[in-house]
Amino acid sequence: MFLIPFRVVSKGYAPLNSDFRSFYTRRMKRRLDDCASHVVSGVAGRTIVILDRYSTDYNHTQIYTGSKTRVLNISSYNYLGFAQARGGCADAVEECIRRYSVSTCGTRLEGGSSELHATAEALVARFVGMEDSLVSSMGFATNSTFIPALVGKGSLVISDELNHASIRVGVRQSGAQVRMFKHNDMDSFESLLREVISQGQPKTHRPWKKILVIVEGLYSMEGTIVDLPRIVELKQKYKVCTVLSVCITKLTLDYSSTSISMRRTRLVRSALMGAVSQTTLTSRLVRLTF
């Protein structure tokens, strides 16, 4: 059955409902509310408890049965269970508050570092197979604050057109020029590399101070995986710096096979972590993970 949006316009009066409201809000959203607007009970952890209900009028009203159902939680950022009231995370937080208080009362640059930072950095470095790591406050900040430290005015960032918003913010704050290539299209990428290297900076045509290529390991919104071996091959061929932003990739994919070509570059690497965030910095290859 197809629903055709319409509105009745009385002469001299504005319509009571717009086409969008008539079609979406009145005709579609109520039918979707059964799965999109469930009432939850308790802490949203790895699983979540919802109140059972049913409707006899296409979700215009809901009738609650009084029973509850525990379901898998894929609807919030707490899918790893860090906010649960009981368990390993909660117990560790309670112990840390007793021992270290609730804050370091300063940035790490100004005396805010503690042994917890050092322990976390060593753990992350060992987990990702790097020599050392640097902890950042959160995943978004890993990209948005460290990219400006890598490039600035006179530099060029070559970015995949579907890169995450945190990468876009970091590039914008850096003051560097930016060019984009078609998503995961290595032919488009190589063509753009040839162009920017041969033409140099706008107007002056001087060589770029630095060319930084930024791609993601797994594009979660599209479900596509970067062609990492080809990226590394072109990086070595054209002598450019590379950033690999590994957002949820490290927790969902095994990069051991694709990392072989990365390890052959023999670069000194370190890791940056923010909220489950690891970032690998190198002189030629930068790997951002969160």
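Let me begin with a term: I call a residue buried when its relative accessible area is under 20%, exposed when it is over 50%, and partly exposed in between, with a 1.4 Å probe and protein chains only. The structure is a predicted model, so local features are taken only where pLDDT is at least 70 and side-chain atom pairs only at pLDDT 80 or more, while totals for chains, interfaces and linings use all residues. Residues are numbered from 1 along each chain as its sequence is written, and side-chain values use heavy atoms, with hydrogens and water left out.

First, the overall picture. The protein has 290 residues, of which 35% count as buried, and its secondary structure comes to nine helices and 13 strands; here helices (H or I, at least four residues) and strands (E, at least two) are DSSP runs, numbered from the N terminus. Taking contact to mean heavy atoms within 4.5 Å, residues 24 or more positions apart account for 55% of the contacts in the protein that have a separation of 6 or more.

I turn now to helix 6. This helix covers residues 186-199, which makes 14 residues, and it reaches 20 Å from its first C-alpha to its last, close to the 20 Å expected at 1.5 Å a residue, where the expected span is 1.5 Å times one less than the number of residues. Its buried residues are M186, F189, E190, L192, L193 and V196. What covers the buried residues includes strand 5 (155-160), strand 6 (177-181), strand 7 (210-216) and helix 7.

At the start, a side-chain oxygen of D185 comes to within 3.0 Å of the backbone nitrogen of D187, and just after the helix G200 takes a positive phi of about 70°.

F189 also brings us to the aromatic rings. Rings of Phe, Tyr and Trp (its six-membered ring) pair if their centres lie within 6.5 Å, with planes under 30 degrees apart counted as stacked, over 60 as edge-to-face and the rest as tilted. By this rule the count comes to one aromatic pair. The rings of F181 and F189 have their centres 4.9 Å apart and their planes at 40°, so the pair is tilted. F181 is buried at 2% relative accessibility, and F189 is buried at 1%.

Which residues does N163 touch, not counting those up to four places away in sequence? They are R168, I214, V215, E216 and Y219. N163 lies in the loop between strand 5 and helix 5 (165-174), and at 4% relative accessibility it counts as buried. A polar contact of 2.7 Å joins the side chains of N163 and S159; by polar contact I mean a pair of N or O atoms within 3.5 Å, where within protein one must be able to donate a hydrogen and the other to accept it, and residues adjacent in sequence count only if both atoms are side-chain atoms.

An open sheet of three strands has the order 1-2-3, with antiparallel pairing, and its edge strands, strand 1 (40-41) and strand 3, each pair on one side only. Two strands pair if DSSP finds at least two bridges between them, and strand 1 and strand 2 (residues 47-54) pair in the antiparallel sense over two bridges. Within this pairing, S41 stands opposite V49 in strand 2.

T65 lies in strand 3 (residues 63-72) and is partly exposed at 45% relative accessibility. The C-alpha atoms of T65 and R53 are separated by 5.6 Å, although the two residues are 12 residues apart along the chain. Leaving aside neighbours within four places in sequence, T65 is in contact with D52 and Y54, and its side chain makes a polar contact of 2.8 Å with the side chain of S67.

Finally, the backbone. Most residues other than glycine have a negative phi. S101, however, has a positive phi near 70°; S101 lies in the loop between helix 2 (88-100) and helix 3 (115-128) and is partly exposed at 47% relative accessibility. K239 has a positive phi near 55°, is found in the loop between helix 7 (228-238) and strand 10 (241-246), and is exposed, with a relative accessible area of 60%.
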